[in-house]
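Dear colleague,

I am handing over the structure below, together with an account of what was found in it. Please read the notes with the coordinates open beside them.

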Amino acid sequence: CACTPPQLGQLQVSSRMSMRFVALALLATTAHGASAPALRLRGGTTTKSSAVVAESGLTPASRCLSTRGGGVPSGVMSKVDVPLLSYFAFWYLGNYYYNIANKQCLKAAGGAAGFPMTIGVLQLGVGVLYALYMWAAPDSRSVPSVTKDDLVKMLPVGFCAMGAHCFSVFALSAGAVSFGQIVKAAEPAFAAVVSTAVYGKSISTAKWLALIPVIGGVVLASVKELDFAWSALIAACTANLFAAFKANENKKLMETPGLKDRIGSVGNQFALTTILSFLFGLPLLLAREGHKWSEFVSLFRSNSVISTNLFTSGLYFYLYNELSTLTIKKTSATTQSVANTAKRVIVIVGVALALGESLEPIKMLGCGIGIGGVLLYSLVK
């Protein structure tokens, strides 16, 4: 083999990540599968416990926890929401491995000077393929019955989702992943400004005060950032701005009478948003990097680090976002806040260690202050 030792190491990492992705994909598939019929005993009688499981809408994965006789395990395990714990675990793992695969792909393709827009849009394209597969697969997910007017109303959400994703990818290509994630943690500050200035919403004084440590933490983390780049900072801030608009537009969208019923599920909603995001991204890809498309195709064919990580990062991105939505839907606001905070810490520190990025004390102090401010902002009224 002509691969150098570093290349072999990257390929081994990509292979291991691909195996982990398979587990993640299986979980997401079962999470959105059609409800299976209640388990029956050999005599044909439906067990009471399995009927309850079927009526509760639990996933096929959770139904597998039932005993052979159809009963639910007794003791502590019967009180544990295993599907919810699985959502948390795979949400965190998906986010973690997405950041690693995404960075490896961007780095192998030339970083910020390479093909960040192409990679960002094609990641959305991978998500589109997965969404179409889920609609086509038997007993997997019903096709939404949205109208043309519904799709038109979804355009702002799709456009903002595209902007948030593509600018995030560019930010991560221009600087350290940990730094980009620290800046992205300041999203509540952008959400507060956009909500009040554009959508006329009111934010309490306590929440405004909670933004002080958020902004201060980001500034402090930037001071000693070894891989600091203005382009990474600006791109991450722009991604936050798009995310803030997306959240407000999505809230307006879901107030449309009957839309939730026509979409059918959270999975369908994210699938439609991803498809629209991909379509919005294609013209920007052609405008920005279309002139070197043949060069990217050549790299894609010759460098398995790019091809493998592009595919896996696209799937990780789609699946962890869908799982995060499912997790949020099943938890309280306080649990969501704590979970998001824990996720950011795990991703920032874990990815920095995995990729050998700087973890200067002042940077970690800024990270802690900023994320603590985000948690405080989420909890205060």
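Subject: a buried isoleucine and its surroundings

Ile263 has a relative accessibility of 2%, so this residue counts as buried. Please keep in mind from the start that the model is a predicted one. Ile263 belongs to helix H11, and, once residues up to four places away in sequence are set aside, Ile263 touches Pro144, Val146, Met254, Asn268, Gln269 and Leu272. A further relation in space concerns Ser142, which is 121 residues from Ile263 in sequence, although the two C-alpha atoms are 9.4 Å apart.

The overall picture

The protein has 16 helices and zero strands. Of its 381 residues, 48% are buried. Among contacts with a separation of 6 or more, 85% are between residues 24 or more positions apart.

The cores

The largest nonpolar core holds 56 residues, and those with the most contacts inside it are Trp91, Ile119 and Tyr318. At least two residues of this core come from each of helix H4 (82-108), helix H5 (116-136), helix H6 (148-174), helix H11 (259-263), helix H12 (266-289), helix H14 (304-329) and helix H15 (333-355). H4 gives the most to this core, contributing 12 residues.

What makes H4 largely enclosed by the rest of the structure? Of the 27 residues of H4, 21 are buried, so the helix is largely enclosed in this way. Its end C-alpha atoms are 38 Å apart, which agrees with the 39 Å that 27 residues should span at 1.5 Å a residue. After H4 comes Gly110, whose phi is positive, near 110°.

H6 also has 27 residues, and from its first C-alpha to its last it reaches 39 Å, close to the 39 Å expected at 1.5 Å a residue.

Salt bridges

How many salt bridges are there? The count comes to three.

One of the salt bridges joins Glu322 and Arg141, with the closest N and O atoms 2.7 Å apart. Because Glu322 lies in helix H14 and Arg141 in the loop between H5 and H6, the pair ties together parts that are 181 residues apart in sequence. Glu322 and Arg141 are both buried.

Another salt bridge is formed by the side chains of Asp150 and Arg262, at 2.6 Å from N to O. This pair, too, links distant parts of the chain, with Asp150 in helix H6 and Arg262 in helix H11, 112 residues apart. Are the two partners buried or partly exposed? Asp150 is buried, because its relative accessible area is 3%, whereas Arg262, at 24% relative accessibility, counts as partly exposed.

There is also a salt bridge between the side chains of Glu249 and Lys252, at 3.9 Å from N to O. Both residues lie in helix H10 (residues 230-253), three residues apart, which is about one turn of the helix. An α-helix has 3.6 residues a turn, so residues three or four places apart point the same way. Glu249 has a relative accessible area of 17% and is therefore buried, while Lys252, at 46% relative accessibility, counts as partly exposed.

Cysteines

A search of the whole structure finds zero disulfides. Two cysteines may still be worth a look while you have the model open. Cys105 is buried, with a relative accessible area of 0%, and Cys367 also counts as buried, at 4% relative accessibility.

With kind regards

Methods
Residues numbered from 1 in each chain as written. Predicted model: local features only at pLDDT ≥ 70, side-chain atom pairs only at ≥ 80, totals over all residues. Heavy atoms only, no water. Core = buried A, V, L, I, M, F, W, Y, C linked by side-chain atoms within 4.5 Å. Buried < 20%, exposed > 50% of the residue type's maximum accessible area, 1.4 Å probe, protein only. Helix = DSSP H or I, 4+ residues; strand = E, 2+ residues; numbered from the N terminus. Disulfide = S-S within 2.5 Å. Contact = heavy atoms within 4.5 Å. Expected span 1.5 Å × (residues − 1). Salt bridge = Lys/Arg side-chain N within 4 Å of Asp/Glu carboxyl O.
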